[in-house]
Amino acid sequence: MLKIVIQVAFLFIGGTLGLLFLPPLYEFIHLSSNPWLNNPYVSVAIGAFILFGFSFLFSDSCVRFIRWMEDKLLKAPVGDLLFGTLGLIVGLIVAYFIGFSIDSIQLPLITPVLPILSIVLGYLGFQVGFKKRDELLHVFTAARASNLAKKKSADEVVPETPATAYKLLDTSVIIDGRIADISGTGFIEGTLVVPQFVLTELQHIADSSDTLKRTRGRRGLDILRTLQDERATDILITEVDFDDIQEVDLKLVRLAKKMSGQILTNDFNLNKVCDLHNVAVLNINDLANAVKPVVIPGEEMHVVVIKDGKEHNQGVAYLDDGTMIVVEEGKSYIGQAIIVVVTSVLQTSAGRMIFAKPKSGGKVA
């Protein structure tokens, strides 16, 4: 059907071109005196016939090009198309006013360049609207929030809040899932930002052939949906990408610098990379360690040794919150409930580890 439409379009375009250009051609080759040849109907018919013949050569290429354009447009986000189109319209309007001004002062050397000026300004307007979508959207959102604040009653006291801060989520913190619970408590302020390249990595994990990875990826997508449904402020999904960088972590660091935002993660290595690049980072593990009950050396604990440790004669136990306890001389107590005495605590961004030793006569019946 599309091919037929293109051939019909070639037919009409050919008729129009024949009507415009064949009469001057007849004069040039001295055939304008022939009434059978030099009349509008014959010119339209000849032009339509010639271009209709060319349609059989180029219609397949036109169909492929239109299909390719359709596929690209359908995959493009609606926001990008909307802001790109608005930028194109603004660019064409500017080009129109510039052309009107030039026509009014009658500059014959510049007038032929006006169509090119329209194309250039239209293209620049589309690119600005397309690539600055997030910033423009943020400007409109901030203006709307400002207008709502001005409508507050004069008697109502509204506490001043700092400017909205961007907090970028990485793949690990999304899959971890605790971010949804923390966000629900209201302790995280500002706008949560999910870059498209993080979503792409999450989708690849969800499509993995490995069952465990696939489950973790789908869990991450469910967590994002929960954040969108329950969070009071918006979740911003940005299309900004850096084609010259392959690593997702480095892209995240670059984007955090560009947006002057913070990175939310529980990845120990990404935490170190952010420190090297002087990028603010909020580590979920640091927060979890901060709110855990304090354990001091000499304190007694009831644990169940479940396996042997890495070093000789060590045993390993776990608290209810997942904290690992390394029990010196605890290998012989595997599978038993005992009382241990804390000797030291190691607390880092990767988690917390407690070292202990069995209490003399501390076996629990």
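Leu-82 is found in helix α3, which spans residues 78-105; helices here are DSSP runs of H or I with at least four residues, strands are runs of E with at least two, and both are numbered from the N terminus. The model is a predicted one, in which local features need pLDDT of at least 70 and side-chain atom pairs count only at pLDDT 80 or more, while totals for chains, interfaces and linings use all residues. Residues are numbered from 1 along each chain as its sequence is written, and side-chain values use heavy atoms, with hydrogens and water left out.

**Surface patch**

At 47% relative accessibility, Leu-82 counts as partly exposed; a residue is buried under 20% relative accessible area, exposed over 50% and partly exposed in between (1.4 Å probe, protein chains only). Leu-82 belongs to a nonpolar surface patch together with Leu-86, Ile-89, Ile-93, Tyr-96, Phe-97 and Phe-100, and the accessible area of these residues together is about 730 Å². Patches are built from residues with over 30% relative accessible area and no salt bridge, joining like charges within 9 Å and nonpolar side chains (Val, Leu, Ile, Met, Phe, Trp, Tyr) within 5 Å. The areas come from the Shrake-Rupley method with a 1.4 Å probe, and for residues only the protein chains shown count as cover.

Helix α10 (residues 248-259) packs with helix α11 (residues 268-276) at an angle of about 40°, their axes being 11 Å apart. This angle makes α10 oblique to α11. Axes are lines fitted to C-alpha atoms, for helices over the stretch in contact, and angles run from 0 to 180 degrees between N-to-C directions. Angles under 35 degrees are roughly parallel, over 145 roughly antiparallel, 65 to 115 roughly perpendicular, and the rest oblique.

Cys-62 lies in helix α2 (residues 40-75) and, with 24% relative accessibility, is partly exposed.

**Salt bridges**

The whole structure contains five salt bridges, each defined as a side-chain nitrogen of Lys or Arg within 4 Å of a carboxyl oxygen of Asp or Glu. Among them are the following.

| Asp-176 | Arg-178 | 2.6 Å |

Asp-176 is partly exposed at 23% relative accessibility, and Arg-178 is partly exposed at 29%.

Asp-244 is exposed at 59% relative accessibility, whereas Arg-254 is partly exposed at 34%.

Glu-300 lies in strand β6 (residues 300-304) and Lys-359 in strand β11 (residues 351-363), so the pair ties together parts that are 59 residues apart in sequence. Glu-300 is partly exposed, at 42%, and Lys-359 is partly exposed, at 34%.

**Positive phi values**

Most residues other than glycine have a negative phi. Asn-278 has a positive phi near 55°; this residue is found in the loop between α11 and β5 (281-283) and is exposed at 73% relative accessibility. Glu-329 also has a positive phi, near 55°, and is found in the loop between β9 (324-327) and β10 (337-348).
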